[in-house]
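Here is a short briefing on one protein chain. Keep the structure in view and find each residue as you read.

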Amino acid sequence: MLTDQFGRNINYLRLAIVDRCNLRCTYCMPEKGLAWINQKELITDEEMLRICTIFTEMGVNKIRITGGEPFVRKNSIELLQNISQLDGLTDLSITTNGLLTEQYIPQLKKFGIKSINLSLDTLDEERFFKITRRKSFDKVMKTLDSLLQHNIAVKINTVVMEDQNIDDIIPLIKLTKERPIDVRFIEEMPFNGGTHSLSLKWNFVQILNHIKAHFPEIQKIEDPKNSTSYNYNIPGFSGNIGIIAAYTRSFCGTCNRLRLTPSGILKTCLYEGTGVNLKDEIRMGKTNEELKNIIINSVQNKPKDGWEAQKSSLTASQIHQSMATIGG
Ligand code: SAM
Ligand code: SF4
């Protein structure tokens, strides 16, 4: 079992399998995209599988596939299948924007994937275009319907942004009335590729007050262990509502997560500027035992929380990296 210096058991790996994306969400990257990682720097399927095997041998039992947009990576479905077969893995999940996802749903179901986080910031087609800079709203809605038809649990991720999608908060909550969908409202973070100005107005308290003004009957429910969201239910609604204090970072105390970037950097905190590059270590010929020791050392030094990490290692330019390069 991997444990850090604060006694936290680390059993969850978020694997960003690619930095590229078929959307250009304003809060995530500039219109022209990013300086994409070149093919040589991208971690290969074989390297990724080896790293995942090592992590599962060390007690990681939960892996989330993310990116960039995971399904933009070549052979992503084969990679997912191989990861799903790892011994010790009890929870494999995906975060996706839903554009290419629908065609793979029957396969994902076969791989034992029970839950998918679908990013959707608005239910309005025009606003969708404004936020994502692409006309693909219908595709996302089709993916949502298909996931529900296949009994895959859906959590909608919505980044809350001043002047952009505040009018969507209540309609998104209403989606959860009849359907077993959870909606999580996320505080916007600065990781946007550097061209977008961040408004800190819509923090946890503001979002909750907005929801309470419309649904005074809303009730706090118990948060699952290690949850990053504070969770609520409106009596009579099938799905739950979560608020993720991603910027105010009040959930760090119970953090059990590690991240692997598409170029192979192991990050023990989202707000950490650097990390050891496991892909490079593999290419230098390290054995699995040596890699395990490197991982143990990194985990030992996992920062107490995102504020400490930011203070000690995040440079001003790194704060403008994109979530797509870090792995959201
Ligand atoms: N492309 C996939 C998607 O959008 O679901 C997976 C990668 S994306 C980086 C993962 C999550 O990060 C998404 O739910 C997205 O909304 C969130 N995200 C991206 N940039 C963010 C930011 N600046 N602040 C808060 N959340 C952000
Ligand atoms: Fe792409 Fe996801 Fe970033 Fe949007 S949030 S640009 S879908 S990686």
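Is serine 93 buried or exposed? Serine 93 counts as buried, at 1% relative accessibility. Keep in mind that this is a predicted model.

**Buried residues in strands**

- Serine 93 is found in strand S5.
- Ile63, Arg64, Ile65 and Ser115 are touched by serine 93, leaving aside residues up to four places away in sequence.
- Serine 93 and valine 60 are 33 residues apart along the chain, and 14 Å separates their C-alpha atoms.
- Valine 160 sits in strand S7, which covers residues 153–160.
- Valine 160 is buried because its relative accessibility is 1%, and the cut-off for buried is under 20%.
- Several isoleucines touch valine 160, including Ile166, Ile169, Ile186 and Ile207. Phe185 and Trp202 are also among its contacts.
- Valine 160 can be compared with valine 60 too: the two are 100 residues apart in sequence, and their C-alpha atoms are 31 Å apart in space.
- Asparagine 231 belongs to strand S10, residues 229–233.
- With a relative accessible area of 10%, asparagine 231 is buried.
- The contacts of asparagine 231 are Gln219, Lys220, Ile221, Asp223, Pro224, Ile241 and Gly242, again not counting residues up to four places away in sequence.

**Aromatic pairs**

- A pair of aromatic rings is described by two things: the distance of the centres and the angle of the planes.
- How many aromatic pairs does the structure hold? There are six.
- One of the pairs joins phenylalanine 71 and tyrosine 104: the ring centres are 5.2 Å apart and the planes meet at 20°, so the pair is stacked. The cut-off for stacked is under 30 degrees.
- Phenylalanine 71 lies in the loop between strand S4 (62–66) and helix H2 (76–84), while tyrosine 104 lies in the loop between strand S5 (91–96) and helix H3 (105–110). The pair therefore ties together parts that are 33 residues apart in sequence.
- Phenylalanine 71 is buried, with a relative accessible area of 5%.

**Charges over rings**

- Which residue lies over the face of tyrosine 12? Lysine 62 does, at 4.3 Å from the ring centre.
- Tryptophan 307 has the charged end of arginine 249 over its ring, 3.6 Å from the centre.

**Helix packing**

- Two packed helices are described by the angle between their axes and the distance between the axes.
- Start with helix H1, residues 45–57, and H2: their axes come within 10 Å and cross at roughly 20°. That angle makes H1 roughly parallel to H2.
- H1 passes H2 in a right-handed crossing. Asp45, Met48, Leu49 and Cys52 of H1 make the contact with Leu79, Asn82 and Ile83 of H2.
- H1 also packs with helix H9, residues 288–300, at an angle of about 65° and with the axes 11 Å apart. H1 is therefore roughly perpendicular to H9.
- The crossing of H1 past H9 is right-handed. On the H1 side the contact uses Arg50, Ile54, Phe55 and Glu57, and on the H9 side Asn288, Leu291, Lys292 and Ile295.
- Helix H6 (residues 169–178) packs with helix H7 (residues 204–214), with axes 10 Å apart and an angle of about 65°. H6 and H7 are therefore roughly perpendicular to each other.
- H6 and H7 cross in a right-handed way. Ile169, Ile170 and Ile173 in H6 meet His210, Ile211 and His214 in H7.
- Ile169 of H6 is also one of the residues that valine 160 touches.

**Positive phi angles in loops**

- Where is asparagine 75 found? Asparagine 75 is in the loop between S4 and H2.
- The phi of asparagine 75 is near 60°, which is a positive value in a residue other than glycine.
- Asparagine 75 counts as partly exposed, at 43% relative accessibility.
- Arginine 133 is not a glycine either, yet has a positive phi of about 65°.
- Arginine 133 lies in the loop between helix H4 (125–132) and helix H5 (137–149).

Conventions:
Residues are numbered from 1 along each chain as its sequence is written. Chains are lettered from A and ligands numbered from 1 in the order in which they are written. This is a predicted model: local features need pLDDT of at least 70, side-chain atom pairs count only at pLDDT 80 or more; totals for chains, interfaces and linings use all residues. Side-chain values use heavy atoms; hydrogens and water are left out. Rings of Phe, Tyr and Trp (its six-membered ring) pair if their centres lie within 6.5 Å; planes under 30 degrees apart count as stacked, over 60 as edge-to-face and the rest as tilted. Helices (H or I, at least four residues) and strands (E, at least two) are DSSP runs, numbered from the N terminus. Buried means under 20% relative accessible area, exposed over 50%, partly exposed in between (1.4 Å probe, protein chains only). A charge sits over a ring if NZ of Lys or CZ of Arg is within 6 Å of the ring centre and within 35 degrees of the ring normal. Axes are lines fitted to C-alpha atoms, for helices over the stretch in contact, and angles run from 0 to 180 degrees between N-to-C directions. Angles under 35 degrees count as roughly parallel, over 145 as roughly antiparallel, 65 to 115 as roughly perpendicular and the rest as oblique. A crossing is left-handed if the near helix is turned anticlockwise from the far one by less than a right angle, and right-handed if clockwise. Contact means heavy atoms within 4.5 Å.
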